[in-house]
Amino acid sequence: MKRKFAFVLTAACLLTACGSKPNIVTGNKELEDAVYNNEYVSLASYTGLKAEKKKYIVTQKAVDAMIHDQLSEYAEYNSVDRASAAGDWVSTSFTAESDGTVFMQEEDYFFILGEEEYGAEFDEQLTGVTTGDQLSFTIDYDSDFSDMDLAGKTVDFEVNVTDVREEIMPDTDDAFIKEHTSYDTYQQFEEAVRESIEDSYESESTSELQEELLRKVVESSSILQYSRKEYDTAREEYEGSCLEMFEMFDMNLDEIYEALEMTKEDVEEDITYSVYRTIVIDAILDNENMSLSDDEYEKGIAYYMKENDYDSRSEFINDYGEDEIRGQLLEDKVLDYLTAHADLTEVEAEYEN
């Protein structure tokens, strides 16, 4: 899982360069047992925090699914003269109507049975069909359905089945693996896939843990004040992220929040937490006298270039900016520090996509 860059305002910005508008004073009081104080925060203890670190179980099903994804380019898709079943590719022409208005119309659109692109009920309707079948059915979608075009709607579908194909994967023996991958045997390939999943799970588990630890510190600390500029920046970034996420649906912010079932209070809480999070990170950096060496900066650039599929160092720096990169790397140092000084218990858990 790739860590996304999050713009981090340094303590220097907070103290000297955040504009002339008066700060927003929270009315909170300093903590009696604070480990650090400045005019913005009374910082709670951030070492010895108790937390559980998840060790996600790598199942054979997950390994098989990734192997399938990596080798699917070598699959063949043959039309069949039978009823459709799980795993088949069903080609359709269809319309989707809600409240008397056709809002979706597709020709030659494939659905892979089992992927539930339009939900489990839709896949059930397309299971057991043959080429030439014409279907009419209605589905009530929950408001939190993943496809925003369908979420919360009662949809009438008219579907014409134009083809049913089965996927035929190649015989993945050692000879095939040696020819088409960088491994000599299927066993080596499978072990590499398993290790890749383990690394991905470990990265995600660590990120989840670090955010949990940081939230504990934020919620235990007392934020005294913050700059209006920092708040405005956090709001702009939050709204920009929401608009970018739903760009393809051409929705405004109010429509996005409604689709996500978020109240104005929820939005305000998220934005304020982002501000508080930055203030706490800056306070820990200051209290621990953390800085970024040239070597750490270069290693960090190399790491994030790889994570974000960049070949050009100059292009990477140009896209993100040196301040943002340094800010992210300093944040990483704080998160690593919290993890290294936490009281952790490892627990096995099932991974949920």
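This is a predicted model: local features need pLDDT of at least 70, side-chain atom pairs count only at pLDDT 80 or more; totals for chains, interfaces and linings use all residues.

Residues are numbered from 1 along each chain as its sequence is written, and side-chain values use heavy atoms, with hydrogens and water left out.

**Exercise 1.** Find how many salt bridges the whole structure holds.

Solution. Start with the term: a salt bridge is a side-chain nitrogen of Lys or Arg within 4 Å of a carboxyl oxygen of Asp or Glu. Searching the whole structure with this rule gives 14 salt bridges.

**Exercise 2.** Describe the pair R82 and D88, and say whether each residue is buried or exposed, or in between.

Solution. First, check the contact: the two side chains of R82 and D88 form a salt bridge at 2.8 Å, N to O. Next, recall the classes: buried means under 20% relative accessible area, exposed over 50%, and partly exposed in between (1.4 Å probe, protein chains only). R82 has 32%, so R82 is partly exposed. D88 has 3%, so D88 is buried.

**Exercise 3.** Work out where K299 and D295 sit relative to each other.

Solution. Begin with the contact, a salt bridge of 3.3 Å, N to O, between the side chains of K299 and D295. Helices are DSSP runs (H or I, at least four residues), numbered from the N terminus. K299 and D295 are four residues apart in helix α9 (residues 294-307), so about one helical turn separates them. Lastly, K299 is exposed at 55%, whereas D295 is partly exposed at 45%.

Key:
Helices (H or I, at least four residues) and strands (E, at least two) are DSSP runs, numbered from the N terminus.
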